[in-house]
Amino acid sequence: MNDRFLRACRREEVDCTPVWLMRQAGRYMEEYMAIRRRYSFLEMCKIPEVACEVTLQPVEKLGVDAAILFADILLPVEGMGLKLEFAKDEGPVIHNPVRTEKDVENLRIIDPEEDTGYVMAAIALIRRELAGKVPLIGFSGAPFTLASYMIEGGGPRDYKNCKKMMWQAPDLWHRLMKKIAKVVLLYLKAQIKAGAQAVQMFDSWVGALSPEDYREYVLPYSRYVLEGLKEEGVPVIHFANNASSMLELVAEAGGDVIGVDWRIDLDKAWERIGYDRAIQGNLDPMALFAPPKVIREKVKRILERAGNRPGHIFNLGHGIHKETPVENVIALVEAVHELSRR
Ligand code: CP3
């Protein structure tokens with residue numbers, strides 16, 4: 001079994017640096033599109049056999065060192081009582097966003113086995129199909145990123161409604177965040193029970209906040225989830241996008257591995273996070289549009305910044321773009337393995 005991903009999460013020695021890519025399953029791959037033409041995105045998430053097949057595609061095609069469950073961060077909001085749709089070319093839409101006291105009160109704490117049983121079934125199936133080839137990562141959105149979708153009703157643009165609630169009705173904000181954090185913890189625990197060997201919490205939109213607001217309105221809820229996961233004994237990756245102004249706070253919230261984007265050099269990020277944590281990152285996803293020779297050069301520089309220190313997991317700084325040439329992604333994975341061979 002290839003366990004270099006799990007070893008790196010635990011900061012153990014590895015034969016070469018493990019690599020996987022956020023959003024590694026998706027539209028840039030023709031094998032994905034062949035299935036996507038037959039099902040809607042939500043159907044793909046909800047049919048365990050389909051979710052399993054799509055999860056395995058990048059493992060086979062790219063040679064990455066981990067599989068990530070095919071699902072979406074927004075799936076649990078359906079069980080909380082929200083009407084979720086993935087509109088064509090628009091991304092996620094929530095038709096009944098959370099704005100008032102009554103909206104917050106009406107949100108249900110999900111039962112992950114009941115409300116997202118299809119996710120747990122997919123995990124069990126994927127583990128069986130992987131048969132130990134590479135580890136499986138489960139994931140969830142972080143409380144802030146989920147709150148921003150739930151309040152804005154879709155991909156946040158200016159975070160107006162979200163910040164209005166935060167500052168005009170802080171008590172309501174805190175009640176909402178407490179509920180979401182509970183859901184995230186239950187959901188991730190259920191994924192681990194179903195067979196996820198590591199989990200990642202995505203705080204994709206947290207870069208919209210000042211460090212001060214992060215500390216007051218977000219950090220306690222991320223910490224609640226990350227602390228609560230400790231007893232599960234699997235590695236937890238805490239990815240915070242666009243957060244180089246507050247990496248210390250992100251690390252303070254918790255996580256065995258801190259995921260960083262490309263807006264900061266990896267060595268500087270690691271120094272600030274502390275060497276008692278592993279680090280994941282941090283190639284600009286758009287670099288995959290560069291020629292393979294340039295990609296290789298960029299990989300080399302990131303590896304140099306990691307300096308062969310145990311505990312580096314190579315990844316992009318955010319999700320892969322849907323038009324990415326797949327041959328460049330294959331070249332990236334090869335370059336990471338080859339240039340980091342110990
Ligand atoms: O990494 C993987 O391969 C696992 C699958 C995965 C998806 N979404 C599949 C997906 C993961 C880990 C996610 C997480 C996710 N979803 C995040 C956090 C990561 C990040 O990018 O910041 C966020 C913010 C979402 C919400 C979301 N879902 C958006 C904004 C979109 C539309 C984006 C787009 O590219 O159009 C989705 C839809 C989505 N999630 C797709 C996939 C493969 C595209 C669906 C399709 O085929 O049309």
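Helix 4 and helix 8 cross in a right-handed way (a crossing is right-handed if the near helix is turned clockwise from the far one by less than a right angle, and left-handed if anticlockwise). The contact draws on Pro 48, Glu 49, Ala 51, Cys 52, Thr 55, Leu 56 and Val 59 from helix 4, and on Tyr 118, Ala 121, Ala 122, Leu 125, Ile 126, Glu 129 and Leu 130 from helix 8; here contact means heavy atoms within 4.5 Å. Sorted by class, these residues come out as 11 nonpolar, 1 polar and 2 charged (Ala, Val, Leu, Ile, Met, Phe, Trp, Tyr, Cys and Pro count as nonpolar, Asp, Glu, Lys and Arg as charged, and the others, Gly among them, as polar).

The model is a predicted one, in which local features need pLDDT of at least 70, side-chain atom pairs count only at pLDDT 80 or more, and totals for chains, interfaces and linings use all residues. Residues are numbered from 1 along each chain as its sequence is written, and side-chain values use heavy atoms, with hydrogens and water left out. Helices (H or I, at least four residues) and strands (E, at least two) are DSSP runs, numbered from the N terminus.

Axes are lines fitted to C-alpha atoms, for helices over the stretch in contact, and angles run from 0 to 180 degrees between N-to-C directions.

Most residues other than glycine have a negative phi, and most peptide bonds are trans. Ala 131 counts as exposed because its relative accessibility is 66% (buried means under 20% relative accessible area, exposed over 50%, partly exposed in between, with a 1.4 Å probe and protein chains only). Tyr 159, in the loop between helix 9 (143–152) and helix 10, also has a positive phi, near 60°. Tyr 159, though, is buried, at 10% relative accessible area.

Next come helix 10 (residues 160–168) and helix 11 (residues 170–194), whose axes come within 5 Å and cross at roughly 115°. That makes helix 10 roughly perpendicular to helix 11. Their contact has 8 nonpolar residues, 1 polar and no charged ones.

As for the strands, 7 of them form an open parallel sheet in the order 1-4-5-6-7-8-9; two strands pair if DSSP finds at least two bridges between them. Strand 1 (67–68) and strand 9 (312–316) are the edges, each pairing on one side only. Even so, 5 of the 5 residues in strand 9 are buried: His 312, Phe 314 and Leu 316 on one side, Ile 313 and Asn 315 on the other. Strand 9 pairs with strand 8 (residues 278–283) over 5 bridges. Strand 8 also holds Asn 282, and the peptide bond from Gly 281 to Asn 282 is cis, with omega near -5°.

Asn 282 and Arg 305 are both touched by Asp 265, not counting residues up to four places away in sequence. Asp 265 belongs to the loop between strand 7 and helix 14 (266–273), and is partly exposed at 33% relative accessibility.

Note on methods
Angles under 35 degrees count as roughly parallel, over 145 as roughly antiparallel, 65 to 115 as roughly perpendicular and the rest as oblique.
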